[in-house]
Amino acid sequence: MSETNDDLRGILLEQVERLLTDNSGPDVLRAAERGEWPARLWEEAEALGLPLALAPESMGGAGLGWADAVAVWQVLGRHGAPLPLAGSMVAAALLASAGIAPPFGFIALALPGEAVPWGRRAGHVAAVDATGQVALHAADPKWQHGRSLIGREPADRATLGTPLAIGRLPDRLGPEAALRAGALLHAAQIAGALEAVLAMTVEYANTRKQFGRPIGAFQAVQQQLALCAAEAAAAGVAVAQAGRAADRRGLARAEFEIASAKVVAGEAAGAGAAIVHQVHAAIGFTDEHPLHLYTRRMWSWRDACGAERIWARRIGQTALARGGAALWPDLTARDETETTA
Amino acid sequence: MAGLRFDLRDTPATAPALRAELRAFLAEAGKDWSPKVRAYSWMGFDREFSREVGRRGWIGMTWPKAYGGHERSALERYVVLEEMLAVGAPVGAHWIGDRQSGPLILRLGTEEQRREFLPRIASGELAFCIGLSEPDSGSDLASLRTRAEKVPGGWRINGRKVWTTNAHLCDFMIALLRTSPVSDPKQKHQGLSQFLVDCRLSGITIRPILDLAGEEGFNEVTFDNVFVPDNMLVGREGAGWEQATAELAFERSGPERYLSSLPLLIAALDDLRAEPAAPEVVGRLLARAATLRQMSLSVAGMLQEGKAPAREAALVKDAGNDYEQALPEKLRDLLDPIRTPPQVQEMLGYMTMVARSYSLRGGTREILRGIIARQLGLR
């Protein structure tokens with residue numbers, strides 16, 4: 001995959017932003033939590049070619065890179081990701097990489113052991129096992145319906161039969177490609193959602209008055225929101241860095257950056273959500289207020305495809321095995337010795 | 001997010017070769033540095049080392065050659081800084097001149113001042129300190145009272161600066177002084193000016209203040225009718241506040257704002273292998289280090305493009321300070337006090353004490369977060 005130029009990315013992001021601004025919002029998120037499929041939103045996303053965007057042009061896609069995808073997923077996250085678009089984009093990318101032409105429609109990404117968001121609405125299922133084998137299945141008629149406890153999105157489990165096609169992920173992606181891309185997409189959505197709740201909270205702090213002035217005028221509140229801004233900035237940088245590394249070196253050799261992104265975004269989700277709820281106080285604890293539509297998703301996404309400790313342990317183990325003398329050279333070498341695409 | 005952007009930057013194509021050169025040099029120069037020296041890093045002072053760094057062209061790297069500089073990029077300079085800090089090199093004798101005083105003189109100094117000072121800073125000969133805080137003026141810096149009164153041919157300085165790092169060892173101070181009295185407390189940012197003050201002038205008394213670790217690092221500097229000639233004013237009379245705050249983007253953005261304690265992680269890593277909790281803790285620390293490094297590089301890139309990312313710098317400094325301050329505590333939690341080698345214990349001990357300064361020097365955590373909050377739109 002290549003690094004798309006900034007102008008094209010800017011246009012794409014504007015389109016995605018407009019799509020979500022026009023067709024999403026708290027009502028759509030609440031409906032999704034009741035199990036109502038955001039049909040109109042999905043149709044519009046398809047009209048923009050988003051589900052197949054990561055597949056090469058020869059397979060009906062747009063050949064977008066991972067860094068572009070990360071930017072799109074951040075926009076999705078800002079709007080609470082009301083549709084399972086990111087997972088479907090990854091499924092299409094992996095199928096294409098394994099030589100299988102991705103079909104139109106919603107392709108659910110099935111990872112070993114994980115429930116599939118909105119599986120019941122999938123047209124197809126892409127199942128990736130731990131050896132890097134990718135199988136394309138027709139939609140499973142026997143989905144076992146479920147729901148994520150915190151995120152409240154439909155999360156279903158499939159019994160997959162005989163696949164329509166089987167392929168293998170190339171070395172550049174590695175056998176763990178689905179898990180890594182999944183970790184990256186959830187980290188990116190967290191980074192976006194954190195921006196959204198930070199903006200909501202600044203707005204609230206500037207309007208809510210106590211003791212005769214906006215609560216945002218109190219240093220105690222300002223200091224907390226500054227910290228939240230730092231967490232949001234860190235999450236954004238970590239996911240952008242991971243997207244860039246995946247474009248340059250392939251998912252297989254971007255483990256450190258993807259792991260870092262999931263760790264930093266996961267930590268930021270916890271710390272950031274705590275702050276925005278504290279500032280909103282009781283109103284933010286109600287069902288009526290939209291804050292939880294985003295914070296619950298952040299809490300849910302930080303657990304998806306490996307929580308912080310899982311990814312932290314991996315990079316920690318590698319660093320410990322490499323030893324103290326290699327720590328700094330390894331940290332600085334990643335983008336200096338290997339810049340070929 | 002409210003105008004704060006951290007676009008990704010690449011280190012320059014010359015970075016690998018530059019790093020190799022620095023690593024070879026630092027391995028040799030640093031073979032006898034004690035854990036204490038490495039723990040103090042850029043608060044440490046070693047003139048001989050700084051002269052050697054200057055000889056190799058690693059001070060004033062971005063300045064014009066006409067003034068002793070090397071006309072290299074801000075990101076090449078960044079590579080040099082981070083390599084120095086990663087090993088805890090005692091860079092204090094040239095750090096301030098390279099980071100702050102030199103760029104100030106280059107930007108706002110007279111031609112005479114540039115020719116007089118810049119080549120000697122770049123060669124590692126001249127050490128600078130910064131005279132800002134006073135006994136009654138810390139975070140509320142603009143309330144400072146040390147004054148410079150106009151006299152024939154120059155200025156007469158009276159008052160006192162405190163917490164001036166390494167003043168007892170430095171040659172010159174860039175001092176922020178009051179040149180016009182405050183008539184209205186709301187206008188206190190006006191009437192301040194910056195001066196180049198020779199630390200050995202008659203009337204200056206420098207008294208080291210021992211720090212909590214028992215070390216001589218910062219000082220009280222008393223001015224008793226000290227005369228400085230007219231040609232030591234830097235920039236415009238009365239514009240000292242704007243000039244000094246413009247420097248803050250340089251002062252606050254560097255890798256020294258997150259890397260101060262990294263030498264401890266490097267030194268201690270091999271002793272953590274048997275500790276079951278170590279992989280997760282080390283992994284979290286590395287994830288954050290990689291992210292902070294990219295944020296810091298992003299600010300360096302903006303500086304290279306001539307932007308003034310003061311608020312981004314404040315955010316990176318605050319996040320970096322939290323990180324470098326937490327690191328020794330996290331490692332302490334993992335290191336077995338009985339089996340840990342004495343060298344590592346000693347570095348941990350010093351860093352445990354010194355780390356308190358990280359979120360104080362160059363702007364306290366509270367001041368930085370206030371700046372970020374205003375950027376967010378909170379008033």
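Tutor: Before we start on the strands, two of them pair if DSSP finds at least two bridges between them, and the elements themselves are DSSP runs numbered from the N terminus, with helices being H or I of at least four residues and strands E of at least two. This is a predicted model, in which local features need pLDDT of at least 70 and side-chain atom pairs count only at pLDDT 80 or more, while totals for chains, interfaces and linings use all residues. Residues are numbered from 1 along each chain as its sequence is written, and chains are lettered from A and ligands numbered from 1 in the order in which they are written.

Student: OK, what's the bridge partner of A:Val128 in β4(A)?

Tutor: A:Val128 is bridged to A:Val134 of β4(A). The two strands involved, β3 (residues 124-128) and β4 (residues 133-138) of chain A, run antiparallel and are joined by 5 bridges. Their hairpin has 4 residues between the strands, and in that hairpin A:Gly132 takes a positive phi near 95 degrees.

Student: And which residue stands opposite A:Leu136 in β6(A)?

Tutor: That is A:Ala165, and β4(A) is joined to β6 (residues 165-168) of chain A by 4 bridges, again with the strands running antiparallel.

Student: So what order do the strands of that open sheet have?

Tutor: The order is β1-β3-β4-β6 in chain A, an open sheet of 4 strands with mixed pairing. Its edge strands, each pairing on one side only, are β1 (107-110) and β6 of chain A. From one strand to the next the twist averages 20 degrees.

Student: Which helix lies across β1, β3 and β4 of chain A?

Tutor: Helix α5 (residues 85-97) of chain A does, running at about 80 degrees to β1(A), where axes are lines fitted to C-alpha atoms, for helices over the stretch in contact, and angles run from 0 to 180 degrees between N-to-C directions.

Student: Zooming out, how many helices and strands does chain A come to?

Tutor: Chain A comes to 11 helices and 8 strands, and its C-alpha trace spans about 65 × 55 × 40 Å along the principal axes. For 341 residues, a compact globule would have a radius of gyration near 20 Å, and the 20 Å of chain A agrees with that; the quantity is taken over C-alpha atoms, and the globule rule is 2.2 Å times the number of residues to the power 0.38. Of those 341 residues, 57% count as buried, meaning that 20 or more other C-beta atoms, placed from the backbone, lie within 10 Å of the residue's own.

Student: What does the domain assignment of chain A give?

Tutor: The assignment, which is automatic or taken from a database, gives domain 1 (6-168) and domain 2 (177-333). Their contact takes 26 residues from domain 1 of chain A and 28 residues from domain 2 of chain A, two residues being in contact if their C-beta atoms, placed from the backbone, lie within 7 Å. On the domain 1 side, α2 (26-33), α4 (66-78) and α5 of chain A each supply at least two residues, and α4(A) gives the most, with 10 residues. That side divides into 17 nonpolar, 7 polar and 2 charged residues, where Ala, Val, Leu, Ile, Met, Phe, Trp, Tyr, Cys and Pro count as nonpolar, Asp, Glu, Lys and Arg as charged, and the others, Gly among them, as polar.

Student: How many residues does the contact take from chain A and from chain B?

Tutor: The contact takes 46 residues from chain A and 44 residues from chain B. On the chain A side, the elements that give two or more residues are α6 (177-207), α7 (219-249), α8 (255-284), α10 (308-322) and α11 (324-333). Of these, α7(A) gives the most, with 16 residues, and the residues of that side divide into 26 nonpolar, 13 polar and 7 charged.

Student: Switching to chain B, why does B:Gln194 count as buried?

Tutor: B:Gln194 counts as buried because it has 28 C-beta neighbours inside 10 Å. B:Gln194 has its place in strand β5 (residues 192-198) of chain B, and, leaving aside residues up to four places away in sequence, it touches several residues including B:Ile174, B:Leu176 and B:Val234. B:Gln194 and B:Val234 are 40 residues apart in sequence, yet their C-alpha atoms are 5.4 Å apart in space.

Terms used:
Buried ≥ 20, exposed ≤ 12 C-beta atoms within 10 Å, placed from the backbone.
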